[in-house]
Amino acid sequence: MSRQHTEVHWEGGRLGATRRGRRGAEEGLQKALEHLLAESRKIVPLREGTLERSGRVVRDGLEGGVTYDTVYAKRQHEELTWKHLPGRSAKYLEIPLNRDREVLLRLMQVSLRRWLRG
């Protein structure tokens, strides 16, 4: 099975060394990944909804990703010549990742800022 996914890695140095700092970093990463999933679902190619429903966030500590788990997810993401319904597109993970880069970073920062402020 070929899956399409995007991974986000964060190396927080000393921030991840404390329990509260690590929890804040994990919360921020989770929120950023959930945002990416929501935005990608808006443009994922749609026929019957199977691909859209297969999208999910996977996270283990400070590593995580957004994955679409169908046998055709990767091909749908990469095939630029296929026709899609209006508003739907190939590169359904890449487009929102690039477009919302600053939003994703801000979402990851919120919990850490709270922790740094005490």
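Biologist: Which residue in strand 3 is the bridge partner of Val58?

Modeller: This is a predicted model, in which local features need pLDDT of at least 70 and side-chain atom pairs count only at pLDDT 80 or more, while totals for chains, interfaces and linings use all residues. Residues are numbered from 1 along each chain as its sequence is written, and side-chain values use heavy atoms, with hydrogens and water left out. Helices (DSSP runs of H or I, at least four residues) and strands (DSSP runs of E, at least two residues) are numbered from the N terminus, and in strand 3 the bridge partner of Val57 is Val66. For Val58, the bridge partner in strand 3 is Gly65.

Biologist: Over how many bridges do strand 2 and strand 3 pair?

Modeller: Strand 2 and strand 3 form a hairpin with 2 residues between them, and Gly61 in the turn has a positive phi of about 65°. Two strands pair if DSSP finds at least two bridges between them. Strand 2 (residues 55-60) pairs with strand 3 in the antiparallel sense, and the number of bridges is 6.

Biologist: How many of the 6 residues of strand 3 are buried?

Modeller: Buried means under 20% relative accessible area, exposed means over 50%, and partly exposed lies in between, with a 1.4 Å probe and protein chains only. Of the 118 residues in the protein, 42% are buried. Strand 3 (residues 63-68) is largely enclosed by the rest of the structure, because the number of its residues that count as buried is 5.

Biologist: In what order do the elements of the protein run from the N terminus on?

Modeller: The protein has 5 helices and 3 strands. Taken from the N terminus on, these elements run β-α-α-β-β-α-α-α.

Biologist: Among contacts in the protein between residues at least 6 apart in sequence, what percentage join residues at least 24 apart?

Modeller: A contact means heavy atoms within 4.5 Å. Among those contacts between residues at least 6 apart in sequence, the share that joins residues at least 24 apart is 68%.

Biologist: How many salt bridges does the count come to?

Modeller: Side chains of opposite charge can pair when their charged atoms come close. A salt bridge is taken as a side-chain nitrogen of Lys or Arg within 4 Å of a carboxyl oxygen of Asp or Glu. By this rule the number of salt bridges is 7.

Biologist: Which residues are linked with Glu39 in a network of salt bridges?

Modeller: Glu39, buried with a relative accessible area of 15%, meets the side chain of Lys42 in a salt bridge of 2.8 Å, N to O. These two residues both lie in helix 1, 3 residues apart, about one turn of the helix, and Lys42 counts as exposed at 51% relative accessibility. In the network, Glu39 is linked with Lys42, Arg99 and Asp100.

Biologist: Leaving aside its neighbours within four places in sequence, with which residues is Asp100 in contact?

Modeller: Asp100 lies in the loop between helix 4 (94-99) and helix 5 (101-117). At 9% relative accessibility, Asp100 counts as buried. Once its neighbours within four places in sequence are left aside, Asp100 is in contact with His35 and Glu39.
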